[in-house]
Structures are given as C-alpha cells and as structure tokens.
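Morning, everyone. I have one structure to walk you through today. Please look at the screen.

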Amino acid sequence: MLAIVSSSKTSEQLEKEKQAAALAAFRYVRNDMLLGLGSGSTATYFLELMAAAVRRAELRIEAVASSLHIEAKAKELGIRICEPQRGVRVDLTIDGADEIAPDLSLIKGAGGALLREKILARASRHFVVIADSSKRVAQLGRRRVPLEVTPFATPWVVDEIGELGGNPLWRMDQLRPDRPFLTDQQNYVVDCDFGLIADPRGLAIRLKEISGVVEHGLFLGLAHAALIAEGKEIVVLRPLKPPAPLGQSDLVLD
C-alpha cells in the first residue's frame, strides 16, 4: 500500500503537483459531456486545460460551474455554461479538496463555494477529486470545517458550534476585513475547528441539525475517485480499494 506522505514540499513543487493532477483528470473527458467545474486553484488548472482543447477544436463540451467566479472565467475562456435542469445529470465533475481521507471523505469549502460544490457533486454521475500531496491525510480535521450560514442565524450558530467544541471563527472579507465574507448566495461562512474528527458522519448529522446552517464542508460518500499527485506519480484513491499508481489502476468512468 502506498503510504500517506507528510508534505514538506515547496509551494512551487505543490503547484506542479496540482498541474499534474489536473492533467491526469483531463484524460477522462470525452466529447459531448456535460462537465461540472469545481472551484479552487487545482480545479482552475483543469479548467484551463479543457478550455485550451476547446479553442483548438479538439473538444466539444458544455459545463455547469460551482461558483460565479468560475462561471465567469469559463465563459471568458470560451466554454459554454449551462444552468441546472430537471432530468439532466452532470456526466463528470472535477474538483479539488482541502483534505482527503483514505475512505475519500473530504473537507471542502476553503474558498467559500461549498454549497454549490456539494450540489454539483450530488448531481454528477462521476465526481473525481484532484489534489496535490499536501491534501492527503490519515484523518480529517487538521483544517477547519466551513459552514455556510444564513446571516440572521449566524450569531446563534456560532454559539451552538462553540458548545460543540468547534472553536468557531466567523469568516471576514479579505479585502474588507470589517465586513463578513459573503458566498455567492449572500450567506456567511463560519469556519470550525473540531480537531481530528473521529466520527465525520456523526458530526455531519449534528451540523445539519443546527437551524440556519445551509450546508457544511464535510463531503462524505460523494467522491468516486481521487487523483493525487505525489511528485511525478499520480496516486488513485477509490472507495474500498487500496491506493494504486494511475498506470496500475483500473479506474474506469463509463
């Protein structure tokens, strides 16, 4: 079994791994797919690869975006964006993650797009995560779990998270630190530190029970595979199967 490596790599090395993971995911894109576009730096590398193929007339696809920022970037790059429709499933969504556990449990939402990202993941036939080696962990919880919260409820949500031991932090806008960060849905984000999470499913249930929590950043049972760059090698993680190098993996997206 391939070991989980504690990353001590430079930012340049991690950026190269992000690019390698994006390139590995690109092999699963087919003409006439409806693709889900994730947010974040690794997913943006994938978007740029795909857009270049579209411009060269090597690829015909349509896409659904997980954030307004990615939607605008995709349109700028010449990719046709579709709105969600009844009876229409997304063929393949490629997205990044903040943490990836061995069972493909994820923490997502550092960029604030967790609600649309989770909606897109659930609406997809295949949801594949791409990441650099720093995102692979033995157990979730080293990074904060974000919550998207309705503004009216936020003070009481913060109180309840504090009672749960979640050390809540009300996320502020980086450009205007005196104002709360706003999601695409004009909600607030509360970032929670529960430490290492022994029972992610139990915590997910508890968080959804809190009135005013629109969504949480625990993505459980949603990813079909993860492509993680470890230097020049791509490691494939799949549910209930041991990790394997991409060249030795039987990962097939029908």
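Strands here are DSSP runs of E with at least two residues, helices are runs of H or I with at least four, and both are numbered from the N terminus. Two strands pair if DSSP finds at least two bridges between them. β5 and β6 (residues 106-107) run antiparallel, joined by two bridges. Across that pair, Ile100 stands opposite Leu106 of β6.

A word on the source. This is a predicted model, with residues numbered from 1 along each chain as its sequence is written. Local features need pLDDT of at least 70, side-chain atom pairs count only at pLDDT 80 or more, totals for chains, interfaces and linings use all residues, and side-chain values use heavy atoms, with hydrogens and water left out.

Now the whole chain. It holds six helices and 15 strands. The C-alpha trace spans about 50 × 40 × 35 Å along its principal axes. How does the radius of gyration agree with that of a compact globule? For 254 residues such a globule would have a value near 18 Å, and the chain has 18 Å, so the two agree. That radius is taken over C-alpha atoms, and the globule rule is 2.2 Å times the number of residues to the power 0.38.

Next, the eight-stranded sheet. This one is open too, with mixed pairing, and its order is β3-β2-β1-β4-β7-β13-β14-β15. Its edge strands are β3 (80-81) and β15 (241-245), each pairing on one side only. Inside, β1 (residues 33-37) and β4 (residues 90-95) run parallel, with three bridges between them. Leu37 stands opposite Ile94 in β4. Helix α4 (residues 114-122) packs on this sheet and touches β1, β2 (61-65), β4 and β7 (124-132). Contact means heavy atoms within 4.5 Å. The direction of α4 makes about 130° with that of β7.

At the other end, β14 (residues 233-238) pairs with β15 in the antiparallel sense, over three bridges. The hairpin of β14 and β15 has two residues between the strands, and Leu240 takes a positive phi near 65°.

Last, the helix pairs. Axes are lines fitted to C-alpha atoms, for helices over the stretch in contact, and angles run from 0 to 180 degrees between N-to-C directions. The axes of α1 (residues 11-26) and α2 come within 8 Å and cross at roughly 50°. That makes α1 oblique to α2. The angle classes: under 35 degrees is roughly parallel, over 145 roughly antiparallel, 65 to 115 roughly perpendicular, and the rest oblique.

Which residues make the contact? From α1, they include Leu23 and Phe26; from α2, they include Tyr45, Phe46 and Leu49. By class, the contact of α1 with α2 has nine nonpolar, three polar and two charged residues. Nonpolar means Ala, Val, Leu, Ile, Met, Phe, Trp, Tyr, Cys and Pro; charged means Asp, Glu, Lys and Arg; the others, Gly among them, are polar.

Then α2 (residues 41-55) against α3 (residues 68-76). Their axes come within 10 Å and cross at roughly 20°. The two helices are therefore roughly parallel to each other. Thr44, Leu47 and Glu48 of α2 meet Ile70, Lys73 and Ala74 of α3. That contact has three nonpolar, one polar and two charged residues.
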